[in-house]
Amino acid sequence: MAVLSLALVGGSAFAENETTTKKGTIAYTPLTLSNPFFKIIGDHITAEAAKNGYDTLMLDPDMDVKKQSDQFDDFISSGVTAIILVPCDRLSIGPAVKAANAEGIPVFTVDAKCAAEGVEIVGHVGTDNFQGGELAGQAMIKALGESGGKVLVLDFKKAHSCVLRVAGFKKVIEAHNAGRTTGKIEIVAELNGNGARTEGYQSTADALQAHDDLDAVFAINDPSALGAYTAIEEAKRQDQIKIIGFDGQLDGKQAIKDGKIFADPIQHPDKMGRQIVQNIMKYLAGEEYEKDALIPATLYDKATADNDPDLK
Amino acid sequence: MKNIDYAKLFPDYGTLLVLLLLCIGFSAVTLEEQSPTTANAAKRLAKRMANELAPGSNVIVLTRQGGDGASFAAALKENLAKVGLTVAQTVVGQPADARKALVKQGETENVLAGIATDKHMANFCNANLTKISETHPSLAKAKVYQPQSYHWPNFLKKDNVLNIMKQISVVAIIAIGMTMIIITAGIDLSVGSLIAFSGVITALAIRGLGGDDPALGHLWLGSLAGVLICGLVGLFTGGLVTLFGIPAFIATLGIMFSARGLAFIFAESEPIVVQNEAFGWLGRGRDILGLPNSVILMLILFAIAHVLMTRTSIGRYIYAVGGNPEAARLSGVPVKWVLVFVYTLTGLLAGLGGVMEASLHVTGDPKAGNLVELQVIAAVVVGGTSLAGGQGKILGTLIGVIIIGVIRNGMNLTGVEAHMQSVVYGAVILIAVLVDRLKAKGIRLRKH
């Protein structure tokens, strides 16, 4: 009671009809901010939003869909202009998105899509993961050369984006193998790397026990690729086994420069962050924009790394 | 002059004071301009427009879809007609719809005098009207009207207060059982895993009973299954603690790992969607006076638990067991049964929490409830229950849960960075324990 009355006094002390220069707030809740990829997207969202006169409210659900749902409620309470979402779970986040829809707050997704039924997502910006997977396949062919070899794939089936990467990779490898009798590239195992160092390490260590003639690893992101490297280094086979990663995070890029990883198809989180805000601005102005924008991945190898000013 | 025992006041009202200060603080920092969308605001806006515009002038109404958008637009339309203005169009929609409406209006070449809007569409018009009227000159003179704004903290908006209560309801309900366990000087680490276990069992039972199109009865039966099975797990824990004398910490640690693993195995590692939106009733529904159902349930359970702990013999037994189990046994308290009771009750409540959590997302998720046991324990400790046993109050726990919820919500509203949120949580728990120690030492301050 006392709180209410105190706040009442405080509230009414302010004059009515005061105008502020701020146009509104754009909210961002990614999978997790511990992954630099989402932090870079967030930083570019903040910068682009500021350029357009908007504040940013960036929260970290830490991969927990319950926390992310709660954050949606908090966003609705603070009356944000738009919400940018990377779903922690593409189905369970549905009711929270619906709540925002009911309030008329537009919801955009970046990187990963929301697959719940009956939700309204007004725009998406993502990486063309299938094309990125094809790049990874081409890099693998280059890494193994004419002799071909045995490949381990570290996947993460829970994320649709990672499933697409593996599909693109396999398409190129199959095309390469078609009509060949020698020098085929054979996928001998597909294990769960969970997109993380720990599982990437464990799965690779297990695969090395089962296949002592392994020639290469394709990991669907940098943390699992680096976990794979640890296992390979432990087995003292780092000179024979080539690794292709994905993402192009800073430690992944450094590993490419150091020769630990052969190459990465890299995503462009900076472009994604800017693009999503530009789409929001177009939405708010009632203009046309690309509802499902895909940003192509590009290949990052040792030569690119040697010229990268961000690396030591 | 009368002596007041401040040390006695402090533990009783100390946590309430902390809560009060938090609320004041968060209200101050979330003070924002609010724009009303009530029928009254529409009436005032129409009057203001009638005063400034010539009678019979052309106006249009633009509001954003969702929330009160449709009702506000209808109220504006009605009031504008009443004050003698001509409403050419009423559009409730997204910015693209507003643009279309303005262009359409511009093409009629009837001079537009005013646009009645809510806050969102006013922003749209202020940003885009000049540009549009370059090609459609009949819009050039149109003035944009929006309701007079006022200042009020986002934190104290009714929706946000309900939002906080809804968010804490699962932790709060489990904290009832946890308070009793901690009063008996025990602990239960398994409750977070039981949330997932119960949610998965519930979703699977519903699917098993009703297939792809479960009826209402199946939802109830499935939920009951989830709650009861967790009750059985609690009974089992109670057995481990009393019959075999396994320390509660170890017994419940074992249950914690096993229940989590089983949840993943039963669910085949995938969240199980319940194919009937009615399942969201408990977690998302608002049936009585606009209060969330989960909050009503929470309040009822707290009222029952308060009576149980203060007015019944089982309540006295629970305190007695925690205070001194040997003395309790000698004075005829059935110590083992009391322990079995509190662990079973906590199992049931964790099961209920799991059903609520699953209901919120209309999904049984094996990942749910991760680390919730620590939030529950933190809330109980912050609420003034001593880990040494024998002391504690159910209502104190309610305040503890609210404090945790308010901090979380307040930091989210103000956009405090995640790692800093962790630091603050930790600090609050430490302060609470410090208060607990001071209380135990019985520091007394007296007024001269």
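**Confidence and the interface of chains A and B**

Biologist: What is the mean pLDDT of chain A?
Modeller: This is a predicted model, and the mean pLDDT of chain A is 89, with 93% of its residues at 70 or more.

Biologist: And where in chain A is confidence lowest, and where is it highest?
Modeller: Confidence is lowest in helix α1 of chain A (residues 2-12), where the mean is 39, and highest in strand β9 of chain A (residues 242-244), where it is 97. Over residues 1-20 of chain A the pLDDT stays under 50, and for that stretch the model has 23 contacts beyond four places in sequence. Where pLDDT is low, the predicted coordinates should not be read in detail.

Biologist: OK, on to the interface: how many residues of chain A are in contact with chain B?
Modeller: In chain A 49 residues are in contact with 53 residues of chain B, and the two chains bury about 4100 Å² between them, of which 50% is on carbon and sulfur atoms.

Biologist: How many salt bridges are there across it?
Modeller: The rule finds 5 salt bridges across the interface of chain A and chain B; one of them joins the side chains of Arg408(B) and Asp74(A), at 3.3 Å from N to O. Helices α1, α3 (65-78), α4 (94-103) and α10 (269-284) of chain A each supply at least two residues of the side that touches chain B, and the largest share, 9 residues, comes from α3(A).

Biologist: Switching to chain B, what domains is it divided into?
Modeller: Chain B is divided into domain 1 (39-148) and domain 2 (156-441), and the C-alpha centres of these two domains of chain B lie 50 Å apart.

How values were computed:
Residues are numbered from 1 along each chain as its sequence is written. Chains are lettered from A and ligands numbered from 1 in the order in which they are written. This is a predicted model: local features need pLDDT of at least 70, side-chain atom pairs count only at pLDDT 80 or more; totals for chains, interfaces and linings use all residues. Side-chain values use heavy atoms; hydrogens and water are left out. pLDDT is the predictor's confidence in each residue, from 0 to 100. Helices (H or I, at least four residues) and strands (E, at least two) are DSSP runs, numbered from the N terminus. Contact means heavy atoms within 4.5 Å. Domain bounds come from an automatic or database domain assignment. Buried area is the accessible area (1.4 Å probe) that two parts lose on being put together, summed over both. A salt bridge is a side-chain nitrogen of Lys or Arg within 4 Å of a carboxyl oxygen of Asp or Glu.
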